[in-house]
Amino acid sequence: MDSLAREARDALVQRGERLRRARTKPSLEAEGEERELLEIDAALARIAMGLFGRCERCGGAMGRNRLRAVPEARYCVTCAALGG
């Protein structure tokens, strides 16, 4: 696993743990947190499978800056602008 994937995995694990600890009663905010946890878990699975850094739509590289900013991103900037 390259250093960016390790960095992303560590950041995602920490965010996921923080969100899980902060869970409270159901609300719109809690629904958003639940979606975020699902995205975090999906990104961790991509890292484990060696698919991290590839756009799910076009298969192209997502770029280090995008992955550092949004490690759970599924799509490159171009595909995200097209609606994923």
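## Overall layout

Two residues are in contact when their heavy atoms lie within 4.5 Å. That idea runs through this report. The model is predicted.

The protein has four helices and zero strands. Read from the N terminus, its elements run α-α-α-α. Along the principal axes, the C-alpha atoms fill a box of roughly 40 × 30 × 20 Å. The protein has 84 residues, and 30% of them count as buried.

How far along the chain do contacts reach? Take the contacts between residues at least 6 apart in sequence: 46% of them join residues at least 24 apart.

## Helix α1

Helix α1 covers residues 3–21. Its 19 residues should span 27 Å at 1.5 Å a residue, and its end C-alpha atoms are 27 Å apart, so the two values agree. Asp 2 caps the N-terminal end of α1. A side-chain oxygen of Asp 2 lies 3.2 Å from the backbone nitrogen of Leu 4.

Which residues of α1 are buried? They are Leu 4, Ala 5, Ala 8, Leu 12, Arg 15, Gly 16 and Leu 19. Seen down the axis of α1, the buried residues fall within an arc of 100 degrees, so they line one face of the helix. The face turned away from that buried side carries the exposed residues Gln 14 and Arg 21.

Arg 9 is partly exposed, with a relative accessible area of 29%. Its side chain makes a polar contact of 3.5 Å with the side chain of Asp 10. Arg 9 and Leu 67 are 58 residues apart along the chain, yet their C-alpha atoms are separated by 11 Å.

## The nonpolar core

In soluble globular proteins, nonpolar side chains tend to be buried together. Here the largest nonpolar core has 16 residues. Which members touch the most other members? They are Leu 12, Ile 47, Phe 52, Cys 55, Met 62, Leu 67 and Cys 76. Two elements give two or more residues to this core: α1 and α2, the latter covering residues 28–49. The largest share, five residues, comes from α1.

Leaving aside neighbours within four places in sequence, Leu 12 is in contact with Ile 40, Ala 43, Leu 44, Ile 47, Pro 71 and Glu 72.

Helix α2 holds Arg 46 and Glu 39. Is Arg 46 buried or exposed? Arg 46 is buried, because its relative accessible area is 7% and buried means under 20%. The side chain of Arg 46 makes a polar contact of 3.3 Å with the side chain of Glu 56. Not counting residues up to four places away in sequence, Arg 46 touches Leu 51, Phe 52, Glu 56, Glu 72, Ala 73 and Arg 74.

Glu 39 counts as partly exposed, at 28% relative accessibility. Beyond its neighbours within four places in sequence, Glu 39 is in contact with Glu 72 and Arg 74. Glu 39 and Arg 74 are 35 residues apart in sequence. In space, they are 8.6 Å apart, C-alpha to C-alpha.

## Arg 68 in α3

Helix α3 covers residues 64–69 and includes Arg 68. Arg 68 is partly exposed, with a relative accessible area of 44%. Leaving out residues up to four places away in sequence, Arg 68 touches Leu 4 and Glu 7. A polar contact of 3.3 Å joins the side chains of Arg 68 and Glu 7. Arg 68 and Arg 54 are 14 residues apart along the chain, and their C-alpha atoms are separated by 14 Å.

## Cysteines without a bond

A disulfide is a covalent bond between the sulfur atoms of two cysteines. How many disulfides does a search of the whole structure find? The search finds zero.

The cut-off is 2.5 Å. Cys 58 has its closest cysteine sulfur in Cys 55, 3.8 Å away, which is also too far for a bond. Cys 55 counts as buried, at 4% relative accessibility. Cys 55 is also among the core members that touch the most others.

Notes:
Residues numbered from 1 in each chain as written. Predicted model: local features only at pLDDT ≥ 70, side-chain atom pairs only at ≥ 80, totals over all residues. Heavy atoms only, no water. Core = buried A, V, L, I, M, F, W, Y, C linked by side-chain atoms within 4.5 Å. Buried < 20%, exposed > 50% of the residue type's maximum accessible area, 1.4 Å probe, protein only. Polar contact = N/O pair within 3.5 Å; in protein donor to acceptor, adjacent residues only side chain to side chain. Expected span 1.5 Å × (residues − 1). Arc of directions from axis to C-beta.
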